[in-house]
Amino acid sequence: MSGTEIRDDRAAGRLEAVGDGEVVGHIEYFVLEAPERALVPVHTIVEPAHEGKGIAGSLARELYALAAREGVPVAPLCPYVVRWAERHPEAAPPADPRLLSAAKDWLRAHPDRF
């Protein structure tokens with residue numbers, strides 16, 4: 001993944017991997033506010049020409065690092081991030097079931113968001 005920068009576009013709810021001036025992958029997420037603040041990844045997308053380069057894993061790792069810097073948990077709904085977290089428990093603490101439930105409720109209440 002050399003030459004790729006990861007940036008957080010909080011306003012758009014996207015953690016983006018940028019290489020050669022173009023977005024080559026991203027995680028779409030939202031910030032859950034209740035019952036406590038948490039980052040909730042919903043989708044991970046890597047452009048087909050950039051698959052197999054570790055971009056999705058780098059995005060997932062940075063999402064957890066971002067959450068740790070902010071002092072908030074991650075409540076993953078994205079299947080890729082869930083699998084990545086299971087394989088990397090040293091970087092991805094287990095999600096609180098009540099936050100996962102609240103995140104699913106939020107997503108159901110905002111069907112047009114994703």
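Visitor: Is R108 buried or exposed?

Guide: This is a predicted model, and in it R108 is exposed, with a relative accessible area of 58%. That value lies above the cut-off, because exposed means over 50% relative accessible area.

Visitor: With which residue does R108 form a salt bridge?

Guide: Side chains of opposite charge can pair when their charged atoms come close. Here the partner of R108 is D105, and the closest N and O atoms of the two are 2.4 Å apart. Both residues belong to helix α3 (residues 97-109), where they are 3 residues apart, about one turn of the helix. D105 counts as partly exposed, at 40% relative accessibility.

Visitor: How many salt bridges does the count come to?

Guide: The count comes to 9 salt bridges. One of them joins the side chains of R7 and E16, at 3.0 Å from N to O. The two partners can be read through their accessibility: R7 is partly exposed at 38%, whereas E16 is buried at 8%. Another salt bridge connects R10 with D8, at 3.2 Å from N to O. In that pair R10 has a relative accessible area of 28% and is partly exposed, and D8, at 33%, is also classed as partly exposed.

Visitor: Which residues are linked with R7 in a network of salt bridges?

Guide: The network of salt bridges links R7 with R14 and E16. R14 also has a place in the strand pairing, as it stands opposite E28 in β3.

Visitor: In what order do the strands of the sheet lie?

Guide: As a general idea, strands of a sheet pair through backbone hydrogen bonds, either parallel or antiparallel. In this model 4 strands form an open sheet in the order β1-β2-β3-β4, and the pairing is antiparallel. The edge strands are β1 and β4, each of which pairs on one side only. On average, neighbouring strands of this sheet are turned by 20° against each other, with direction ignored.

Visitor: How many bridges join β3 to strand β4?

Guide: Strand β4 (residues 38-46) is joined to β3 by 8 bridges, and the two run antiparallel. Within this pairing V31 stands opposite L39 in β4. The two strands form a hairpin that has 5 residues between them. On the other pairing of β3, strand β2 (residues 14-19) is antiparallel to β3 over 6 bridges.

Visitor: Which residue takes a positive phi in the hairpin of β2 and β3?

Guide: That residue is D20, whose phi is near 55°; this hairpin has 2 residues between the strands. G21 is also found in the loop between β2 and β3, and at 74% relative accessibility G21 counts as exposed.

Visitor: What span does helix α1 reach from its first C-alpha to its last?

Guide: The 16 residues of α1 (residues 55-70) reach 22 Å, close to the 22 Å expected at 1.5 Å a residue. After α1 comes G71, which has a positive phi near 70°.

Visitor: Against which elements do the buried residues of α1 pack?

Guide: They pack against β1 (4-9), β2, β3, β4 and α2 (79-87). The buried residues of α1 include I55, L59, L63, Y64 and L66.

Visitor: Which residues does UniProt list for "domain: N-acetyltransferase"?

Guide: The UniProt record, an unreviewed entry, lists residues 7-96 under that name. In the model this span is 28% helix and 32% strand, and its end C-alpha atoms lie 26 Å apart.

Conventions
Residues numbered from 1 in each chain as written. Predicted model: local features only at pLDDT ≥ 70, side-chain atom pairs only at ≥ 80, totals over all residues. Heavy atoms only, no water. Pairing = 2+ DSSP bridges. UniProt positions renumbered as here; feature names shortened; annotations may be inferred. Salt bridge = Lys/Arg side-chain N within 4 Å of Asp/Glu carboxyl O. Buried < 20%, exposed > 50% of the residue type's maximum accessible area, 1.4 Å probe, protein only. Expected span 1.5 Å × (residues − 1). Contact = heavy atoms within 4.5 Å. Axes fitted to C-alpha atoms, helices over the stretch in contact; angles between N-to-C directions.
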